[in-house]
Amino acid sequence: MENHHPVVWIFCRVIDNFGDAGIAWRLSQILATEFDCAVTLYIDHLPTLSAIVPDIQASSKEQNVHQVRVKDWDLSIEENSIPQAVIEMFACEIPHHIRTIIQKHQPLWLNWEYLSAEDWVEDCHMMPSLQNNGVVKYFYFMGFTHKTGGLLREKHLSFHLPTLFRQPEKMRLFCFAYDNPIWQHHLQTWNDLSWNIEIFIAGETLYNAFQRFTSFQAAFQQGKIHLQAFVPQADFDDLLQSFDVLIVRGEDSFMRAQYSGKPFFWHIYPQEEQAHLPKLNAFWNRVYHHFPENLKIAHQALSDELNGAICLTDEVRQNHWHTLWTQYPAWHQAHLNWRKKLFELPSAVEKLVFMMTKNS
Ligand code: TRH
């Protein structure tokens, strides 16, 4: 690329929760700090970004933070620089005048899609779509194989993790999930377990919502349940590392759980008519290759129940948790093995920058 600081414009609309902003910020950060790109992130809801990046002022419409220029969506009216890449996060519609700029300068134009482990992703990654301004837009699909767009992974993320681990004396469980009545049952199971457990519910919204469950009150009275305050995204990996078992959700916390190497459950974003289940299965079917059979059976049953596919009896649910916990070192090892596979893939941003080079 001729320009030493390739210009990248990223557009993000916050649909709900933190993931849209979280992924857009991670992508922006990696491009700016590791690949020397001049990144401008246009976002329509600064308070959400500010919640995970406290250095961002929710009330400031234009600011430079950690080498990224952050602008309120409505300010995206004029630019003097010429972009090498324009990225629309999750099919957000970019303002019309940006389409005109794209028509004029023909940057690499991408729609950054949701992460999925399903097989079709390989066929759809970088699929071209001719737009009515006469320019081709490509669908960028992150994924878990070489033929997909790879995964967001920072260079500083160490491949090496401590490999020596024992059965912890107490289970420290992190829960960053979606509110759902199913948690009443799992909280009850955790209360009834024969080993020590401490449960940390991430964020006040979820913690407050769980208070309606009688099982929450029981756990609270026994001092087993705590509010885990939100930490900045930059500290999120360290936070995950401090737990034995993780429950995560969405896209970004789901990815970070995989990088943590810790055993985890994925409370996937629920979709109508159970459309999330094939996505859930596609992911775990890749990971289960690394699981001993009895752990796979236990994990799959609990994971399916958490995500609305099946119902378990109290006894079966408890037995499955017992199986996983009593074989924690093997469970942990399975996740470390999966993590190792992830490091064999090129990172999404390496792939993206290579494409920008080809396009310029
Ligand atoms: O918050 P999420 O559920 O977000 C998304 C959105 O709902 C989106 O619309 C949907 O499509 C997608 O899920 C599937 O989950 P996610 O993706 O894990 O985002 C959470 C972000 O919050 C992530 O970047 C990590 C960050 N975070 C912190 O920085 N600190 C914290 O303490 C916690 C708990 C999370």
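Start with helices α5 and α7, which cross in a left-handed way; that label applies when the near helix is turned anticlockwise from the far one by less than a right angle, and clockwise makes it right-handed. Helices here are DSSP runs (H or I, at least four residues), numbered from the N terminus. Axes are lines fitted to C-alpha atoms over the stretch in contact, and angles run from 0 to 180 degrees between N-to-C directions.

Now show side chains. Gln184, Leu187, Gln188 and Asn191 of α5 touch Thr214, Ser215, Phe216, Ala218 and Ala219 of α7, where contact means heavy atoms within 4.5 Å. This contact has 4 nonpolar, 5 polar and no charged residues. In that sorting, Ala, Val, Leu, Ile, Met, Phe, Trp, Tyr, Cys and Pro are nonpolar, Asp, Glu, Lys and Arg are charged, and the others, Gly among them, are polar.

A quick word on the ground rules: this is a predicted model, so local features need pLDDT of at least 70 and side-chain atom pairs count only at pLDDT 80 or more, while totals for chains, interfaces and linings use all residues. Residues are numbered from 1 along each chain as its sequence is written, and side-chain values use heavy atoms, leaving out hydrogens and water.

Next, select residues 182-192 (α5) and 314-326 (α12): they pack at about 60°, axes 10 Å apart. That makes the pair oblique, and the crossing is right-handed. Look for His185, His186, Thr189, Trp190 and Asp192 of α5 meeting Arg317, Gln318 and Trp321 of α12. The contact divides into 2 nonpolar, 4 polar and 2 charged residues.

Ile182, Trp183 and His186 of α5 meet Leu302, Glu305 and Leu306 of α11.

Last stop: the ligand. Which of the 22 residues around the ligand come nearest? Pick Asp16, Tyr178, Val231, Asp252 and Ser253; being around it takes a heavy atom within 4 Å. For polar contacts (N or O pairs within 3.5 Å), a ligand oxygen is 2.5 Å from an N or O atom in the side chain of Ser253. Another stop is Arg249, with a side-chain N or O atom 2.9 Å from a ligand oxygen.

Conventions
Helix = DSSP H or I, 4+ residues; strand = E, 2+ residues; numbered from the N terminus. Parallel < 35°, antiparallel > 145°, perpendicular 65-115°, else oblique. Polar contact = N/O pair within 3.5 Å; in protein donor to acceptor, adjacent residues only side chain to side chain.
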